[in-house]
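Hi,

Here is the structure I promised to pass on.

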Amino acid sequence: WNGIIGASNAKLCRPVFYRDGVLKVEINHPAFKLALDNPKMKTAITNRLTQLGIACENILFIPPGTVKKR
């Protein structure tokens, strides 16, 4: 994750769920969500994932605890 999003960004968010081309990423602070949840940043992250062979079509930035663990 550090190599995809950068070490400083990785400290504030983490991928928690992936299904059908959608990656859900928990973000620890609402202000940080504003910095990442924009078309330019989403495209950059999606392109990096594609280069690694992960077919990601969309990224959803969500508050911590939103994804239920099974």
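This is a predicted model: local features need pLDDT of at least 70, side-chain atom pairs count only at pLDDT 80 or more; totals for chains, interfaces and linings use all residues.

Let's start with K33: its relative accessibility is 31%, so K33 counts as partly exposed.

K33 and D37 form a salt bridge whose closest N and O atoms are 2.9 Å apart. D37 also meets K42 through their side chains, in a salt bridge of 3.2 Å from N to O. With a relative accessibility of 31%, D37 counts as partly exposed too.

How many salt bridges does a search of the whole structure find? Three. One of them pairs R14 with E26, with 3.1 Å between the closest N and O atoms. R14 sits in strand β1 and E26 in strand β2, so this pair ties together parts that are 12 residues apart in sequence. Are the two partners buried or exposed? R14 has 43% relative accessibility, so R14 counts as partly exposed. E26 has 6%, which is under the 20% cut-off, so E26 counts as buried.

β1 covers residues 13-19 and β2 covers residues 22-27; they run antiparallel and are joined by six bridges. Within that pairing, Y18 has L23 in β2 as its bridge partner. The two strands make a hairpin with two residues between them, and D20 in the turn has a positive phi of about 50°.

Three strands form an open sheet in the order β1-β2-β3, with mixed pairing. β1 and β3 (58-62) are the edge strands, each pairing on one side only. On average, neighbouring strands in this sheet are turned by 25° against each other, direction ignored.

What about the β2 and β3 side, parallel or antiparallel? These two strands pair in the parallel sense, over five bridges. E26 turns up again here, standing opposite I62 in β3.

Helix α4, residues 39-51, lies across β2 and β3, and α4 runs at about 120° to β3.

Cheers

Conventions. Residues are numbered from 1 along each chain as its sequence is written. Side-chain values use heavy atoms; hydrogens and water are left out. Two strands pair if DSSP finds at least two bridges between them. Helices (H or I, at least four residues) and strands (E, at least two) are DSSP runs, numbered from the N terminus. A salt bridge is a side-chain nitrogen of Lys or Arg within 4 Å of a carboxyl oxygen of Asp or Glu. Buried means under 20% relative accessible area, exposed over 50%, partly exposed in between (1.4 Å probe, protein chains only). Axes are lines fitted to C-alpha atoms, for helices over the stretch in contact, and angles run from 0 to 180 degrees between N-to-C directions. Contact means heavy atoms within 4.5 Å.
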